[in-house]
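Work through the exercises below with the sequence and the coordinates open. Each task is followed by a solution in steps.

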Amino acid sequence: MRRKVFVHRGTFLILVIFIFLADNLSLAEDGLIAPPIDNNEPPTPPSSHEAAAPKNRDGDRKSSKLEEETSQEAMDDYSFSTSSAIKIVKAPDLSKESESGAEATRQAEDLYNQLINNAKSDFDPASLLASPEQEEDEEPPKVLTPEEMEAERLYQSAMAILNKTRGDKETGHSVLAEAARRGHVGAKAKIAWAQLLGHHPIPLNIEAAKETFIELVASGLPEAHMGLGFMYASGIGMNVSQAKAILHYTFAALGDNTWAQMAMGYRYWGGVGVPNSCEQALEFYQRVAKKVAAEVTFSGGNALHRIRLLDEVENSGSSSGILDNDLIDYYQLLADKGDVQAQVGLGQLHYQGGRGVPLDYQKALHYFQQAANAGNAIAMGFLGKMYLEGSEHIKADNDTAFKYFKRAADLGNPVGQSGLGVMYLQGKGVPKDTVKAFSFFTKAAEQGWVDGQLQLGNMYFSGIGVKRDFKQANKYFSLASQAGHVLAFYNLGQIHAAGLGTMRSCATAVELFKNVAERGKWAERLMFAHQDYRSYRFEEAFMQYALMSELGYEVAQSNAAFLLDKGEINLFKSRKEDLVRALQYWGRAAAQGYSPAQVKLGDYHYYGLGTNVDYETAASHYRMASDQQHNAQAMFNLGYMHEQGLGMKQDIHLAKRCYDLAAETSDDAKVPVAMALLKLQFLFKLESLKDSPFQIILHLDENIASNWDLYLITILTLVLGMIIYLRRPTIPDANTANNNNNENNNQNDAGNAAQEPTSQDDRPQNQQQQE
């Protein structure tokens, strides 16, 4: 009874909070909520119109625009931190209700201020209603035995080693194995995943991983459910069962497993094994994106390089984006000789990572300091960022950061200007000053610097130092997203998910949150897989690509299909199974817009690889790649099918049109297109024979007529061989060669005889000159 009374009182308090928010927060002219109250500044008095006509407030709201009403309904309060991503606390619209009482108003105001003061953390109003009896009902923490405490200590030590930027992986895995031997379930799961993926130094062992996952699933471990779900989905170590895969993914996602949440988000987004549901996909991807955004550093997040093996092979590695070791050595040589640009470039590579270069803050600090000592403003700005944020090797120092930011800003560098803006906005080492922060961010944004654009978007969104304006926030977030900043994508996702300053778009929000989710720390497995591929460890590379494919990475799907297509994988029973799985991966990659995968789908249906021969389906895939992605190969293939009448009516004119489009789209297609057009010209000539006296030629034997092109190629080959034979160089016989040699010898003797008198006449002259 006591608990029910307390819950009713708590419900009343919540209603008072919402009534206070609806009636006492002043709205801007655009119908949106005003900025949060700053306790350090005096409150702004209401205007005379607001004081004189409080009863007309509801009427004014009803006359707002449709877009403003939508934004108002979507958000009644915001909790925002400029140092992290946007956080939204939703509340129902209770503006039409009213409640009197000075005491209730005072309590509501106190609770509202508590909401504002806790803006940097997620605030749960239900936590204020926890009764003593409820706290007593909570399960006490489990008391660990000495053996379990030692296993936990080993596990934490192993993870600390493995998570270091330059940690000793072998030592970390050995400590992890010892923790697993002592019964630590988390360590067992880590070892099982390493065995399943073949993560160095642990060898590939699918059966051992399977047994461990089955053992741990009984205890409800989310990581184990994720492992079994992956094995059922990919048919590795298990018979393929999408139903069981979804079951295990669901259990793992409910246990807050990030990979499982991504897998379920991708499946609902693409309708893979489940009905297509944008809202379900949005829910899963938003959870993962929130985790990623919370871990984004000042550098802007991990760089994700999408290396497609198919493009790398066809273009001889020119499009991979991976820097060659010799090129890096060359830049290091230039940097050591004092080249400032090389020093700045290497510093940025080691600071942000990517392009085959691992993160290394110590090397980044070394190169930035060298360039800063030479007076480079960019290096000064990045040094300020490193000292402001700090790392495991560099201690955070606000004074040093301010010094470097100031020097860079005085030289007009946007990195320094944005850094000073952050320090003034957050009050780090300097008095908090939103006016100065806004000024510095504006200067940096005008020069196109992504951090300035992002911070301006934050200020406009939250109304810090400026009037809240969601359209301006959307503008600056969009500009920052063009440079690939993770938080810009996340904030845009929040805007489109809630419909703030724009029409709500679930599809756009899902795409944005998916982009953020794919920038998590686990994306480095794409680089690990590529390194395994370069080291001819094809099965290990495939396992990692297959895992990332389940998480929705298009580049992983195309690379897994490529490895199966090339026959490099020996994990399945037959070549037919490889092709069936490759067809599935090509299909998923094509659905995400990768045009070569769409062409591959057409090839598989044309040649009957992993499926039955189906010219109509092949033509439809080629047409999609041609019309939507302007793929030259697809256009050429369509031209050939029009020419031969495969899967469609034969039409030489359309064939020529497709060939011409292929040549216009890609320079690489000009040579094969020229040969195909010559063939078409020959076909035109054959068509003209129908009305000529030579039409009897067209009524040849059916076998000859159906394979006329083969006979034509044979005849042309014979003609070419005859030309080469007739133009070969002639070999002289032995007698002719001997006569030529004798004539040459006689000419040489005559020449020597003619030169001897001249040389004798020259000798006295030389002697006279010497005398």
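**Exercise 1.** Classify Arg 504 by its relative accessible area, then do likewise for the residue that Arg 504 pairs with in a salt bridge.

Solution. Note at the outset that the model is predicted.
- Step 1: Arg 504 has a relative accessible area of 41%. Partly exposed covers the range between buried, under 20%, and exposed, over 50%, so Arg 504 is partly exposed.
- Step 2: The salt-bridge partner is Glu 279, with an N to O distance of 3.2 Å between the side chains.
- Step 3: These two residues connect distant parts of the chain, 225 residues apart: Glu 279 belongs to helix 14, and Arg 504 to the loop between helix 25 (486–498) and helix 26 (506–517).
- Step 4: Glu 279 has a relative accessible area of 42% and is therefore partly exposed.

**Exercise 2.** Locate the two ends of the salt bridge between Asp 256 and Lys 291, and classify each by accessibility.

Solution.
- Step 1: The side chains meet at 2.9 Å, N to O.
- Step 2: Asp 256 sits in the loop between helix 12 (242–254) and helix 13 (258–270), whereas Lys 291 is part of helix 14 (residues 278–294); the separation is 35 residues, and the pair links distant parts of the chain.
- Step 3: The relative accessible area of Asp 256 is 46%, so this residue is partly exposed.
- Step 4: Lys 291, at 24% relative accessibility, is also partly exposed.

**Exercise 3.** Lys 670 and Asp 667 form a salt bridge. Assign an accessibility class to each residue.

Solution.
- Step 1: The N to O distance between the two side chains is 3.4 Å.
- Step 2: Lys 670 has 45% relative accessibility, so it counts as partly exposed.
- Step 3: Asp 667 reaches 59%. The cut-off for exposed is over 50%, so Asp 667 counts as exposed.

**Exercise 4.** Is Arg 468 buried or exposed, and which backbone oxygen does its side chain reach?

Solution.
- Step 1: Arg 468 is found in the loop that joins helix 23 (450–462) to helix 24 (470–482).
- Step 2: Its relative accessibility is 5%. Since buried means under 20%, Arg 468 counts as buried.
- Step 3: The side chain of Arg 468 reaches the backbone oxygen of Ser 462, at a distance of 3.2 Å.

**Exercise 5.** State how many salt bridges a search of the whole structure finds, and name the residues of a salt-bridge network.

Solution.
- Step 1: The search finds 22 salt bridges.
- Step 2: Salt bridges link Glu 147, Glu 178, Arg 181 and Arg 182 in a network.

Key: Residues numbered from 1 in each chain as written. Predicted model: local features only at pLDDT ≥ 70, side-chain atom pairs only at ≥ 80, totals over all residues. Heavy atoms only, no water. Helix = DSSP H or I, 4+ residues; strand = E, 2+ residues; numbered from the N terminus. Buried < 20%, exposed > 50% of the residue type's maximum accessible area, 1.4 Å probe, protein only. Polar contact = N/O pair within 3.5 Å; in protein donor to acceptor, adjacent residues only side chain to side chain. Salt bridge = Lys/Arg side-chain N within 4 Å of Asp/Glu carboxyl O.
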